[in-house]
There are 2 protein chains.
Amino acid sequence: MLRVNESEFMQFEPRKKARFINSLTGFKSVHLIGTQSQSAVSNLSIISSAIHLSSNPPMMAFVIRPDVVQRDTLENIRETGYCTLNHIHAEFLEKAHQASARYDKEINEFQECELSEEHLNQFPAPFVNESQFKLALKFIREIDIPENKTHLMLMKIQDVYLPKEILDSDGFIDYNHLENIVVAGLDTYYQPTRIKRLSYAKPFKDLKTIE
Amino acid sequence: MLRVNESEFMQFEPRKKARFINSLTGFKSVHLIGTQSQSAVSNLSIISSAIHLSSNPPMMAFVIRPDVVQRDTLENIRETGYCTLNHIHAEFLEKAHQASARYDKEINEFQECELSEEHLNQFPAPFVNESQFKLALKFIREIDIPENKTHLMLMKIQDVYLPKEILDSDGFIDYNHLENIVVAGLDTYYQPTRIKRLSYAKPFKDLKTIE
């Protein structure tokens, strides 16, 4: 087992340091965020920081780093109050990764990434048509983290669009049929396959596998 | 494509609602957090909300819900200022899932989950011996989110322990050899396998696959 301490890894050259530290939490979720500017330019960015926060109220959050490409996303959410969160499937992972390039504000990343905008039920932000699982999110508030100049965006879940056949009657969603991907570090994509579903854990009780 | 809107899913019965909303961000990272109380009782809990925050300073964060089992984790981090974050591999996923059971404060979850405590370099929180990839974390501060009574814990990365052979000289970490898992929803575990690594995205440039 190798030990790398803070004073060692902080002396790595900048790209090595970014690659290493970005990899330390292991597999990360990865999503496309769709927004629209006040002048109606659609914007698309890729994030790897979405987390579930609570079921009541139905809240999730993600982090935006203003010094990188997602600045337009941040401004659009502040101005309009809405965004979409679109799951990424293996079949369009290259197009999704291209959304991490630093495009100018007037550029529509949907076009540059060769992904299709979709407008659903008058929601004021564009969805990714190629994504089979997408959320309509409403901005609650922003938590600024001055230590590293990032912004945690607290969002309320308003609408869920998903394939009917992956939702069970008990609320379980079967992701084994969706080819969703995860990312490790900055650039390496993985596809998860199901190992098993386990019963609710209780003290001093054996777990069961749920088929 | 099925649409489920907020007024519909908020009327699901409680367990169905929790299962559904917990699944909406797709695959989530999953880790074991090790802490020690002031009276030297070791504590272990499982979280699915760890996110990378920044490389400089080397920061990550995770969410603790005080109404569930991780309350001891929250108190221990507040009192001692430290915790460990341990990656979970497929071979001990049942033991890790058992850490989600609500044990009393005086119970040592390492013992109940049949996982081994490991103490490394005088760090004041226990590591999981079975985990091949683990971080020593120092508490920076806590952000309370009153909307859902959760706590976002901001942590600094002090030490990284990992197998020497998965770290490349450029800082790249090859997770394909570690059998780390991810979780969807509350209880379903998946194992990711590598699809591909892509080059840094630039506007109007084609991506390349990195072998």
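**View 1. The end of helix α3 in chain A.** The model shown here and in every view is predicted. Helix α3 of chain A covers residues 71-80. Which residues of this helix are buried? They are Asp72(A), Thr73(A), Leu74(A), Asn76(A) and Ile77(A).

**View 2. The contact between chain B and chain A.** Chain B gives 104 residues to the contact, and chain A gives 104 residues. Together the two chains bury about 9,400 Å². Carbon and sulfur atoms account for 63% of that area.

View 3. How many salt bridges join chain B and chain A? The count is twelve. One salt bridge links the side chains of Arg197(A) and Asp187(B), with N to O at 3.3 Å. On the side of chain B that touches chain A, strand β13 of chain B supplies the largest share. This strand spans residues 188-198 and brings eleven residues. That side of chain B holds 52 nonpolar, 28 polar and 24 charged residues.

**View 4. A strand pair made across the two chains.** Strand β1 of chain A (residues 2-5) pairs with strand β11 of chain B (residues 150-162). Do they run parallel or antiparallel? The pairing is antiparallel, over four bridges. Look for Val4(A): opposite this residue stands Val160(B), in β11(B).

Note on methods
Residues are numbered from 1 along each chain as its sequence is written. Chains are lettered from A and ligands numbered from 1 in the order in which they are written. This is a predicted model: local features need pLDDT of at least 70, side-chain atom pairs count only at pLDDT 80 or more; totals for chains, interfaces and linings use all residues. Side-chain values use heavy atoms; hydrogens and water are left out. Contact means heavy atoms within 4.5 Å. Buried area is the accessible area (1.4 Å probe) that two parts lose on being put together, summed over both. A salt bridge is a side-chain nitrogen of Lys or Arg within 4 Å of a carboxyl oxygen of Asp or Glu. Ala, Val, Leu, Ile, Met, Phe, Trp, Tyr, Cys and Pro count as nonpolar, Asp, Glu, Lys and Arg as charged, and the others, Gly among them, as polar. Two strands pair if DSSP finds at least two bridges between them. Buried means under 20% relative accessible area, exposed over 50%, partly exposed in between (1.4 Å probe, protein chains only).
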